[in-house]
Amino acid sequence: MPNCITERENLQTLIGFSRRCGSDSSLTVAGGGNTSMKADGVLYVKSSGTALGTIDENGFVALDLKRLLSVLDKTYPAEDAAREAAFLADVQAAKLPGQEGKRPSVEALLHALFPRRYVLHLHPTLVNGLTCARDGEQWAAKLFPEALWVPECRPGYTLAKLLSERMRPGTDTVLLQNHGVFFAADGAEELDKMLNHMLGVFERKYSGTGEKVPRPALDQPFTPDQIVYCGVGPELPNDDMARAVYMDATKIACLSAWFGGPRPMSAELNDFIVNWEAESHRKSKS
């Protein structure tokens, strides 16, 4: 982990806002969300399966930033399993000495794409009321013109490649359809302002008039977290963590009424998540 005092101070800042966000169930549920910091060519990113609410220095993986970004220049197999296995091997190879036994977040490369020092990725209930809605993209452009909207996409390498192609200088906020939000900034206070601004916009929107809907049965999942912890069926799970994710999904479905109604994930993406080794690993560590 960091050797100089400045880097250690920055890491403590990272730990501080990671724990604060990870302890707020309206921002993160179960093992969702991740954070990172860049310093002197190194990316410190949350390890897969680590809980943000209790994370410490050992919960982050140090990677060579340049080597990690070089993954974008590679050509991978078109077949899902083969592509993701090769991608994972290259991400693992970017780890610095002493990081053996740790596995970076599945979204490590997305964090690397932002030039800012700190990156915060969350799945807030209020935000996903929009990202999981039929008219989410149109409303995102109206409410958050500074944000980049990324359509539903396979996570892992495919999502990182798509984001790298769409990002422009100054892109510090990214809304991912049926997923969540990324914020990037050079300081914790700036991150707080960005997060609080977005949440404030949603709170004002939801407090206004809108077509309220009854709590629905979830016949189709809205987010990857729902598949990982609850499966793809409508049954209410018995496990406490799974129940928390399920109840969060019902809130998302209700909030989506303000943005054209619920838009579940596609069957194609459902199948990918169900069979994705990276998500199976994350669940096993939660």
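A search of the whole structure finds zero disulfides, a disulfide being a pair of cysteine sulfur atoms within 2.5 Å. Buried means under 20% relative accessible area, exposed over 50%, and partly exposed in between, with a 1.4 Å probe and protein chains only.

This is a predicted model, in which local features need pLDDT of at least 70 and side-chain atom pairs count only at pLDDT 80 or more, while totals for chains, interfaces and linings use all residues. Residues are numbered from 1 along each chain as its sequence is written, and side-chain values use heavy atoms, with hydrogens and water left out.

The structure holds eleven aromatic pairs. Rings of Phe, Tyr and Trp (its six-membered ring) pair if their centres lie within 6.5 Å; planes under 30 degrees apart count as stacked, over 60 as edge-to-face and the rest as tilted. One of the pairs joins Y76 and F87 edge-to-face, at 6.4 Å centre to centre and 80 degrees between the planes. Y76 lies in the loop between α2 (65–69) and α3 and F87 in helix α3, so the pair ties together parts that are eleven residues apart in sequence. Both are buried: Y76 has a relative accessible area of 12% and F87 one of 6%. Elsewhere, ring pairs link W139, F144, F202, Y206, W258 and F259 into a cluster.

Helix α3 also features in the packing of helix α7. Helices (H or I, at least four residues) and strands (E, at least two) are DSSP runs, numbered from the N terminus. In α7 (residues 157–166), the buried residues are Y157, L159, A160, L162 and L163. These residues pack against α3 (80–93), α4 (108–113), β5 (148–150) and β6 (173–176), where contact means heavy atoms within 4.5 Å.
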